[in-house]
Amino acid sequence: VALPASYAQHPERRYPVLFVTDALYSFPLVRSVRNLVGQGGANLEDFILVGLPPQQGLTSKQSRSRDYTPTQPQRSADDDYSDDVVYGGAAHYRDFLATHVLPAVDARYRTDPARRSFAGHSYGGLFGTYVLLTRPQMFQTYILSSPSLWFDGHYIDRLEQDYAQQHRALPARVLLAIGSQETPTPDAVDGPRNDMVRDTQAFADRLRQRGYQGLQVENRVVPAEDHLTVYPSTLTRALLQVYPGTGPYNGG
């Protein structure tokens, strides 16, 4: 947990909270963005940052593959899955967060539970999409960077169809982002096999077409970025939207 600099100075104040997956990478990244870009609340509103790290005793790959994926995928001879990990623990991990982590953070810190946000990239974005379609009220805002919507034969599409048959409302703000280079190209020697640009756009379009009550959706294609480089830009721009500061903005 990283508290904003103003936390101790304003004991009467409650703060929005951002939860980030893959904390070994994302936690120091977002903390640095908040401190530098935020400019003491002028550019970014102060917020509490909570990182979700891998389980102790497991590698990041082992933990995130299990916790962020919703199913045991159908395997083929030439697929994107690994033999040294297990998959399909997203429901358990979601419930663990809802039952233990979120209440513990709210009990210990001066949070504003009505302003709780989630940010995840790749499998982390897949997990956020899963939470959005199974327990959307856990977070008010979902920042989904390069979500792995291709996982298990586009399982998320089937999940969204099931949700649409049972619900007319989806109360959340969803900020999707994808790097423009996350799509196969004829001249790419080692490019992506999955067209994540197409998948993300199609998912955003489907959500809009449903006309869900209470849903706000934005999809951004970030120019000249790939799967490894897009997250810092995505997070910075999303934070400026979700937590606008007192302004006017000062870019230094």
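This is a predicted model: local features need pLDDT of at least 70, side-chain atom pairs count only at pLDDT 80 or more; totals for chains, interfaces and linings use all residues.
How are the two helices placed? Two packed helices are described by the angle between their axes and the distance between the axes. Here α4 covers residues 123-134 and α5 covers residues 151-166. They pack at an angle of about 20 degrees, and their axes are 9 Å apart. Angles under 35 degrees count as roughly parallel, so α4 and α5 are roughly parallel to each other. Their crossing is left-handed.

The table shows where to find each one and how accessible it is.

| Residue | Helix | Relative accessible area |
|---|---|---|
| Ser 26 | α1 (residues 23-38) | 0% |
| Asp 67 | α2 (residues 60-67) | 7% |
| Thr 200 | α6 (residues 196-210) | 0% |

Buried means under 20% relative accessible area. Ser 26 is therefore buried at 0%, Asp 67 is buried at 7%, and Thr 200 is buried at 0%.

Let us start with Ser 26 in α1. Leaving out residues up to four places away in sequence, Ser 26 touches Val 20, Thr 21 and Tyr 231. There is also a pairing to look for across the chain: Ser 26 and Ala 119 are 93 residues apart along the chain, and their C-alpha atoms are separated by 9.1 Å.

Next comes Asp 67, in α2. Which side chain makes a polar contact with the side chain of Asp 67? The partner is Arg 66, at 2.8 Å. With residues up to four places away in sequence not counted, Asp 67 also touches Gly 89, Ala 90, Tyr 93 and Phe 127.

A polar atom of the Thr 200 side chain lies 2.8 Å from the backbone oxygen of Met 196. If neighbours within four places in sequence are set aside, Thr 200 is in contact with Pro 147, Leu 149, Leu 176, Ile 178 and Asn 219.

Conventions:
Residues are numbered from 1 along each chain as its sequence is written. Side-chain values use heavy atoms; hydrogens and water are left out. Helices (H or I, at least four residues) and strands (E, at least two) are DSSP runs, numbered from the N terminus. Buried means under 20% relative accessible area, exposed over 50%, partly exposed in between (1.4 Å probe, protein chains only). A polar contact is a pair of N or O atoms within 3.5 Å; within protein, one must be able to donate a hydrogen and the other to accept it, and residues adjacent in sequence count only if both atoms are side-chain atoms. Contact means heavy atoms within 4.5 Å. Axes are lines fitted to C-alpha atoms, for helices over the stretch in contact, and angles run from 0 to 180 degrees between N-to-C directions. Angles under 35 degrees count as roughly parallel, over 145 as roughly antiparallel, 65 to 115 as roughly perpendicular and the rest as oblique. A crossing is left-handed if the near helix is turned anticlockwise from the far one by less than a right angle, and right-handed if clockwise.
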